[in-house]
Amino acid sequence: MNWFIAIIQTFLFVALAPLLAGWLKWCKCFLQNRRAPSLFQPYRDLLKLIRKQPVVAEHASWVFTRAPYIIFSATVLAASVVPLIALNLPTSAVADVIVLVGFLGSARFFLALAGLDIGTAFGGMGSSREMTVSSLAEPAMLMAVFTLSMAASTTNLSVGITHVLNEGLVLRPSFVFALFALILVTIAETGRIPIDNPTTHLELTMIHEAMILEYSGRHLALIEWASQLKLMLYGVLIANIFFPWGIAETSSLQTLGFGLLAIIGKLALLAVFLGISETVVAKMRLFRVQEYLSFAYLLGLLGMLSHIILEASR
Amino acid sequence: MNIEQQDFYTQAILSLAALVGLTSFLMLGQGRLLRLIFVFALQGFLLSFTTALAGFSLDNPHLYISAVLTLLLKVIFIPWMLRREVILMNTQRDIETLKNKTALMMGGAGLMVFSYYVLHPIVQTTSPVMLNALAVSLSVVLLGMLLMITHRQAVAHVVGFMSIENGLFFAAIVATNGMPMVVELGVAFDVLVAAVLFGIFFFHIRTSIDSLDVDRLNRLHEVDK
């Protein structure tokens, strides 16, 4: 029964990710006084890309053609670890936060390899930039998540969230810092403004788009889907670690349905905030990204410090 | 004693202390003057909120007066004055280049740890809450000093100085459960006087070197080096 729910949850993750992207786009269009495409436009785009024949460059090796499948499946595996609507599922019991970061890391590794494989200037540039950003973002993310781990004395996400949930409303200074750090890391890792602009193909500024420039057809569809999945994954992490109320603790149909409604509401709200921040903030110069991420790291560090100093027992 | 066992007031005070510490860090890394002043106003607001919360929780009505005074002075009057000064000098679009920002931030984190280390012996004699609040206040004071050392604009120096005062005020509110009214009025009056004095000081620097960048005061040597 629990495995069944875990599979359904992963399926929901994969199915809802394009919807979140569509909603985010809708919010941004509304704020910028443009007419928004339908909420289901990302699904149509994916469908169109899947139907098309992929065009592969002459010099592409097997890395280039296999990479989209590896990236997509690694991201789906990462998503299966994160509790979306229910806690205490077998998938989240077998893997903890560090495994989650590992899955995302391996997906990124193959993406960077694929960018380098084709041998174009843009691919190499995008890969090098992506690795620079992620090498700075990953420690900050681990710092933020370790704050939760220290508060709940576990690295397992599900157990940690249960701990936060059972504690009731406790104002923790360390969680405030960790929340801000995780938001900053999310923006950097999912390639949103001010770090990277997902809608641009302007040669000097792109990071993610530069790596996948040579992809087409179903390969491109898988990579786009994986990046939408990643955005949703980070959103769920923020929503469920810091505001876990509503998530199902038992596996009855009613609580699961309520959990689904709660997470949809939380993600929709989060996307509104992301849309606002993307509308008011301008894209940052690449050389200032390091300052931004070191600030995120500093916040994570302060979160850990304030946990040890302000909250731990003496 | 774990944080889950503290009452809600203590949790709120600790969270506010953390946020006050955060605003100090934000000020430290801020190169734009108008944004610096905005963060300073935010810190003042947090301070005023803390005071009001203490007044509510300890049932001590005169703390409300203090909260309103803080609100008027540190959130409205002083930021307004500094903002006017910046716009008058037409420096609102300048970005001050801070040398080695990352090292600066890490130095700030080091100062925070240092202030905990210094205050740790106090834990034997008092409650942990007071230790935390005092430690955050001390680090706000030290970060304010670091801000004054690293920034070159006179306006940033004033903000640093006022944030030192904020740190002391926060310590006083949390540690003493509200000072006597006379002391609070005296402090508020001092801040007001300081603000006026800084206004005059700005005026003099501006008329003598036509800028608020204090590094340029070095050029006032009688002989060239």
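Does B:Asp59 count as buried or exposed, and how many C-beta neighbours does B:Asp59 have inside 10 Å?

1. B:Asp59 has 7 C-beta neighbours inside 10 Å and therefore counts as exposed, since a residue is placed in that class when 12 or fewer such atoms lie within 10 Å. The model is a predicted one, and in it B:Asp59 sits in the loop between α2 (33–57) and α3 (62–88) of chain B, with a phi near 55°, which is a positive value in a residue other than glycine.

2. As background, most residues other than glycine have a negative phi, and most peptide bonds are trans.

3. The peptide bond that joins A:Ile193 and A:Pro194 is cis, with an omega of about 10°, and A:Pro194 is found in the loop between α8 and α9 (208–211) of chain A.

4. Helix α8 (residues 173–189) of chain A also deserves attention, as its axis and that of helix α10 (residues 217–242) of chain A come within 10 Å and cross at roughly 170°. Because angles over 145 degrees count as roughly antiparallel, α8(A) and α10(A) are described as roughly antiparallel to each other. On the side of α8(A) the contact is made by A:Phe175, A:Leu179, A:Leu182, A:Ile183, A:Thr186 and A:Glu189, and on the side of α10(A) by A:Tyr234, A:Leu237, A:Ile238 and A:Phe242.

5. Turning to chain B as a whole, its secondary structure comes to 7 helices and 0 strands. The radius of gyration of chain B is 19 Å, which agrees with the value near 17 Å that a compact globule of 225 residues would have, and 41% of those 225 residues count as buried.

6. Within chain B, helix α4 (residues 101–119) has 19 residues and reaches 27 Å from its first C-alpha to its last, close to the 27 Å expected. Its buried residues are B:Met105, B:Gly108, B:Leu111, B:Met112, B:Ser115, B:Tyr116 and B:Leu119. Seen down the axis of α4(B), these buried residues fall within an arc of 135°, so they line one face of the helix. The face turned away from that buried side carries the exposed residues B:Ala103, B:Gly110 and B:Tyr117. In general, an α-helix has 3.6 residues a turn, so residues three or four places apart point the same way.

Technical notes:
Residues are numbered from 1 along each chain as its sequence is written. Chains are lettered from A and ligands numbered from 1 in the order in which they are written. This is a predicted model: local features need pLDDT of at least 70, side-chain atom pairs count only at pLDDT 80 or more; totals for chains, interfaces and linings use all residues. Helices (H or I, at least four residues) and strands (E, at least two) are DSSP runs, numbered from the N terminus. The expected span of a helix is 1.5 Å times one less than its number of residues. A residue is buried if 20 or more other C-beta atoms lie within 10 Å of its own, exposed if 12 or fewer, and partly exposed in between; C-beta atoms are placed from the backbone. The arc is that of the directions from the helix axis to the C-beta atoms. The radius of gyration is taken over C-alpha atoms; the globule rule is 2.2 Å times the number of residues to the power 0.38. Axes are lines fitted to C-alpha atoms, for helices over the stretch in contact, and angles run from 0 to 180 degrees between N-to-C directions. Angles under 35 degrees count as roughly parallel, over 145 as roughly antiparallel, 65 to 115 as roughly perpendicular and the rest as oblique. Two residues are in contact if their C-beta atoms, placed from the backbone, lie within 7 Å.
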